[in-house]
Amino acid sequence: MHPLAHGFAAWAGATRSPGAAVLADPPFDAELAPELIGTAVAFHYINRMVTILASPSPFPGPRALRPLTTRIAPRLFARAVKRPKVAGDSLRFLERAEPPEDMGWAKGSPPVAAAFAGFIAAIEDEAHEATGRDARAVVQARVGAWSGEDQELSRAWVEAAITELSEPEAAAARLALLAALAQHQIDDAAVAAYHRHEPSDRRLLALLAWSSAQAARRVGACLTSRRSM
């Protein structure tokens with residue numbers, strides 16, 4: 001691996017590792033920070049949503065067709081990667097918004113700042129319908145104190161955080177905390193508990209998106225200061 005590529009890979013791999021020296025001295029200058037920190041934030045968000053929602057295979061259709069789809073898909077993916085792209089083209093799909101304070105890292109690139117601002121505004125808007133204010137406050141406080149560490153194997157940490165919430169808000173906060181900090185601990189019971197009070201799949205998706213974005217934003221905010229989480 002080229003030394004420069006190795007440096008970028010080490011930085012990316014350390015984006016949730018407390019004490020990693022590379023986070024205090026990243027292998028890029030301020031001009032590249034919006035794109036690289038933005039990429040890290042996007043993947044922290046996407047990885048959570050994929051872990052929660054995606055099937056084991058990225059290829060659609062019956063298993064019997066997998067040999068065909070695995071031959072065709074690489075060609076389609078390669079075509080998409082090679083297609084010319086212009087920064088800011090996709091902004092027409094988003095409402096204009098101001099970047100949140102914790103996304104100051106994006107301001108050096110207007111297209112990146114506008115993309116994340118619109119994305120977060122849309123998620124925040126949906127989240128107000130998906131859960132209550134008290135549940136959101138609990139999640140924001142817990143994620144805001146997160147330093148990249150793995151959570152304990154039991155869900156005692158979740159239950160301790162939601163003890164003072166009403167049953168509907170506790171169900172929402174439980175699922176949101178798991179989505180943000182321990183996706184592998186989400187099970188049918190956690191989803192069913194939320195659905196008992198909010199049967200809408202759209203609001204379920206909004207809750208998962210919002211909480212995943214909370215964790216991703218926490219990563220980005222910590223990376224901005226050029227120090228470890």
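A137 is found in helix 6 of this predicted model, where helices (H or I, at least four residues) are DSSP runs numbered from the N terminus. At 41% relative accessibility, A137 counts as partly exposed, a class that lies between buried, under 20% relative accessible area, and exposed, over 50%, as computed with a 1.4 Å probe on protein chains only. The C-alpha atoms of A137 and A9 are separated by 34 Å, the two residues being 128 residues apart along the chain. The model is a predicted one, in which local features need pLDDT of at least 70 and side-chain atom pairs count only at pLDDT 80 or more, whereas totals for chains, interfaces and linings use all residues. Residues are numbered from 1 along each chain as its sequence is written, and side-chain values use heavy atoms, with hydrogens and water left out.

Helix 6 (residues 133-144) packs against helix 8 (residues 167-181) at an angle of about 30°, and their axes are 9 Å apart; axes are lines fitted to C-alpha atoms, for helices over the stretch in contact, and angles run from 0 to 180 degrees between N-to-C directions. Helix 6 and helix 8 are therefore roughly parallel to each other, since angles under 35 degrees count as roughly parallel, over 145 as roughly antiparallel, 65 to 115 as roughly perpendicular and the rest as oblique. On the side of helix 6 the contact (heavy atoms within 4.5 Å) is made by R133, D134, A135, V138, V139, R142 and V143, and on the side of helix 8 by E169, A172, A173, A176, L177, A180 and L181. By class, the contact of helix 6 with helix 8 comprises ten nonpolar residues, four charged residues and no polar ones, where Ala, Val, Leu, Ile, Met, Phe, Trp, Tyr, Cys and Pro count as nonpolar, Asp, Glu, Lys and Arg as charged, and the others, Gly among them, as polar.

Helix 6 also packs against helix 10 (residues 201-224), the two axes coming within 10 Å and crossing at roughly 30°. That angle makes helix 6 roughly parallel to helix 10, and helix 6 passes helix 10 in a right-handed crossing. The residues that make this contact are R136, V139, Q140, V143 and G144 of helix 6 together with W210, Q214, A215 and R218 of helix 10, and they divide by class into four nonpolar, three polar and two charged residues.

A further partner of helix 10 is helix 5 (residues 110-130), whose axis comes within 8 Å of that of helix 10 and crosses it at roughly 130°. Helix 5 and helix 10 are therefore oblique to each other, and their crossing is left-handed. In this pairing, I120, I123, E124, E126, A127, E129 and A130 of helix 5 meet R202, R203, A206, L207, A209, W210, A213, Q214 and R217 of helix 10; nine of the residues in the contact are nonpolar, one is polar and six are charged.

Within helix 10 lies S212, which is buried, with a relative accessible area of 0%. Leaving aside its neighbours within four places in sequence, S212 is in contact with Y45, R48, M49, I52 and A179. S212 and L94, which are 118 residues apart in sequence, are 19 Å apart in space, C-alpha to C-alpha.

Two buried residues are located in loops. Q185 lies in the loop between helix 8 and helix 9 (188-197) and is buried, with a relative accessible area of 8%. A polar atom of the side chain of Q185 lies 2.9 Å from the backbone oxygen of E152, and the side chain of Q185 also reaches the backbone oxygen of L153 at 3.2 Å. Apart from neighbours within four places in sequence, Q185 is in contact with E152, L153, S154, R155, W157 and L178. T15 is placed in the loop between helix 1 (3-13) and helix 2 (21-24) and is buried, with a relative accessible area of 4%. The side chains of T15 and H44 are joined by a polar contact of 2.8 Å, a polar contact being a pair of N or O atoms within 3.5 Å, of which, within protein, one must be able to donate a hydrogen and the other to accept it, while residues adjacent in sequence count only if both atoms are side-chain atoms.

How values were computed:
Left-handed = near helix turned anticlockwise from the far one by under 90°.
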